[in-house]
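Dear colleague,

Here is the structure that I promised to pass on to you, and my notes on what was found in it follow directly below. Please read them with the coordinates open beside you.

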Amino acid sequence: MKISVIGTGYVGLVTGVCLSDIGHQVTCIDIDQQKVEKMRKGISPIFEPGLEELMVKNIDAERLFFTTDHKAGFQNAQAIYIAVGTPQNGDGSANLLFIEQVAKDIATQVTNDVVVVTKSTVPVGTNDYIKKLIQEQLVNDVKVEVVSNPEFLREGSAVKDTFYGDRIVIGSDSETAASLIEEVNKSFGIPVYKTDIRSAEMIKYASNAFLATKISFINEISNICEKTGANVEDVAIGMGLDQRIGNKFLNAGIGYGGSCFPKDTNALVQIAGNVEHDFELLKSVIKVNNDQQRLLVDKAINRFGTLSGKRVAILGLAFKPNTDDMREAASIKISQELVQMGAEVVAYDPIAMENAKKLLPGAIMYVNSIDEAILNADCAFILTEWDEIKKIDLSNLNNVMQEAVLFDGRNCFSIEETKNVNIEYHSIGRPSVMKELVVN
Ligand SMILES: NC(=O)C1=CN([C@@H]2O[C@H](COP(=O)(O)OP(=O)(O)OC[C@H]3O[C@@H](n4cnc5c(N)ncnc54)[C@H](O)[C@@H]3O)[C@@H](O)[C@H]2O)C=CC1
Ligand SMILES: O=C(O)[C@H]1O[C@H](OP(=O)(O)OP(=O)(O)OC[C@H]2O[C@@H](n3ccc(=O)[nH]c3=O)[C@H](O)[C@@H]2O)[C@H](O)[C@@H](O)[C@@H]1O
């Protein structure tokens, strides 16, 4: 089938590439000329495992194309996917400016009957609004149907999630349009759940809000564990053995970040507010998350009294491993606080440093390895659980750091192994390990 995808970010590019890989003729459209030129050469503008290989394969097979020209990109397409950003407005609501522009692009430049598929995360009722905008501005005599097809992929495993996702949700008021999109996805072999448009839109927000709730819940439990002497990892394992609870998304840490949980939870509070529903539970989830992002800094202040003049190594900057995305990463707030307190901050991330430089305070020093970051440091903060960071040689810390004090926001190490190498180790929801004094 001939398909167009508008927007080549984490969702649009992965969707376009994977649809081409299952045999469709896909044209990806973006307004960013530089990005398009890169992608034409088979270079991915984002770091996403496995993506570039598939791009090259499908460009070579002449199934995958890139353009900045909407009209050319829409030519003969049976489905046009919308995958542009829906960032957060100042009040927390979703900003639909990119969506509105795309609706205009479609209305004015489509020349054949088409099904418009919304992948972007949009508030309940937005697909009806998109349909209205398109109908109002339509230039040619063509039939346009609208389908909601929310995306559930995770950054860092986006390609895998697209091929092996748990479900594909298709929301439509047209059986023909829904069937066409089911057909597009057939080769993925993933269970399809068809529903009405508004329910599909709500499934996306409810899913992200529920996952965020799970994280804030375990983070609250972790704070109580710290005060009562329990170990949150054992608690999470014990809880997760109950299949009604499940063992996923119970990793306590420094709170959720990323381009979606923070913005989508805020947007759902707004969506609820618009129909006079005060979503108290979700507001608490958001508050718990904001507080959790401060936790490591508080622990460090308790330990050192002041961080002024201390050399602090930050290991990991991205909001999660295997991505270069820095949007709403906990490292932003944490590094700002450290710099404000007068700490000398040295940071390392295997992939996200270039993006980090655009968002983090100018005073931060960036280095190219963990070893350089921890050299002579008074303490180290672990903010992202990259494999490389989980493999640090703990036994060497006493030799290279000023003081071997670790504040681990991702529980990368067991309490036992940190005791064995005699370092000071503060983690989340688990007892702190203090250094034993060795008397000669
Ligand atoms: N990032 C993620 O992991 C996920 C994101 N989502 C949702 O998917 C949507 C897209 O998210 P991302 O891929 O992260 O966005 P992004 O911000 O990475 O990419 C959006 C792209 O759209 C392009 N664009 C903007 N206006 C355009 C126009 N008129 N014509 C053509 N291209 C245009 C931009 O240049 C940019 O390349 C959002 O609604 C997000 O909430 C949903 C699931 C996962
Ligand atoms: O709508 C979206 O954009 C996407 O948002 C999340 O995906 P993503 O943000 O890429 O990454 P996650 O793996 O969900 O992690 C989000 C944040 O939660 C944190 N997290 C996750 C799991 C956990 O147990 N504990 C925890 O603190 C991670 O460190 C990270 O900061 C959802 O998992 C996807 O299903 C959804 O499509």
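Asn376 lies in the loop between α16 (370-374) and β12 (379-382), where helices (H or I, at least four residues) and strands (E, at least two) are DSSP runs, numbered from the N terminus. The phi of Asn376 is near 60 degrees, a positive value in a residue other than glycine, and most residues other than glycine have a negative phi. At 44% relative accessibility, Asn376 counts as partly exposed, given that buried means under 20% relative accessible area, exposed over 50% and partly exposed in between (1.4 Å probe, protein chains only). Glu328, found in the loop between β9 (311-315) and α14 (330-340), also has a positive phi, near 55 degrees, and is partly exposed, with a relative accessible area of 47%.

Before you go further, please note that this is a predicted model, in which local features need pLDDT of at least 70 and side-chain atom pairs count only at pLDDT 80 or more, while totals for chains, interfaces and linings use all residues. Residues are numbered from 1 along each chain as its sequence is written, chains are lettered from A and ligands numbered from 1 in the order in which they are written, and side-chain values use heavy atoms, with hydrogens and water left out.

Turning to the sheets, an open sheet of 6 strands has the order β11-β10-β9-β12-β13-β14, with parallel pairing, two strands being paired if DSSP finds at least two bridges between them. Its edge strands, each of which pairs on one side only, are β11 (365-366) and β14. Within this sheet, β9 and β10 (residues 344-348) run parallel and are joined by 5 bridges, and Arg311 has Glu344 in β10 as its bridge partner. Elsewhere, β1 (residues 2-6) pairs with β2 (residues 25-29) in the parallel sense over 5 bridges, with Ile29 in β2 as the bridge partner of Ile6. Because 4 of its 5 residues are buried, β1 is largely enclosed by the rest of the structure.

Helix α14 lies across β9, β10 and β12, running at about 170 degrees to β9, where axes are lines fitted to C-alpha atoms, for helices over the stretch in contact, and angles run from 0 to 180 degrees between N-to-C directions. Helix α13 lies across β12, β13 and β14, at about 155 degrees to β13. In α13 (residues 295-304), the buried residues include Leu295, Val297 and Phe304, and the buried residues of this helix pack against α9, α12, α14, β12, β13 (405-408) and β14 (424-426), contact meaning heavy atoms within 4.5 Å. Gly305, whose phi is positive, near 80 degrees, follows α13.

Finally, α9 (residues 197-228) and α12 (residues 280-292) pack at an angle of about 55 degrees, with their axes 9 Å apart. That angle makes α9 oblique to α12, since angles under 35 degrees count as roughly parallel, over 145 as roughly antiparallel, 65 to 115 as roughly perpendicular and the rest as oblique. Residues of α9, among them Ala209, Ala212 and Ser216, meet Leu282, Val285, Val288, Asn289 and Gln292 in α12. Thr265, placed in α11 (residues 261-274), counts as buried at 1% relative accessibility, and, not counting residues up to four places away in sequence, Thr265 touches Ala209, Ala212, Tyr256, Cys260, Leu282 and Ile286.

With best regards
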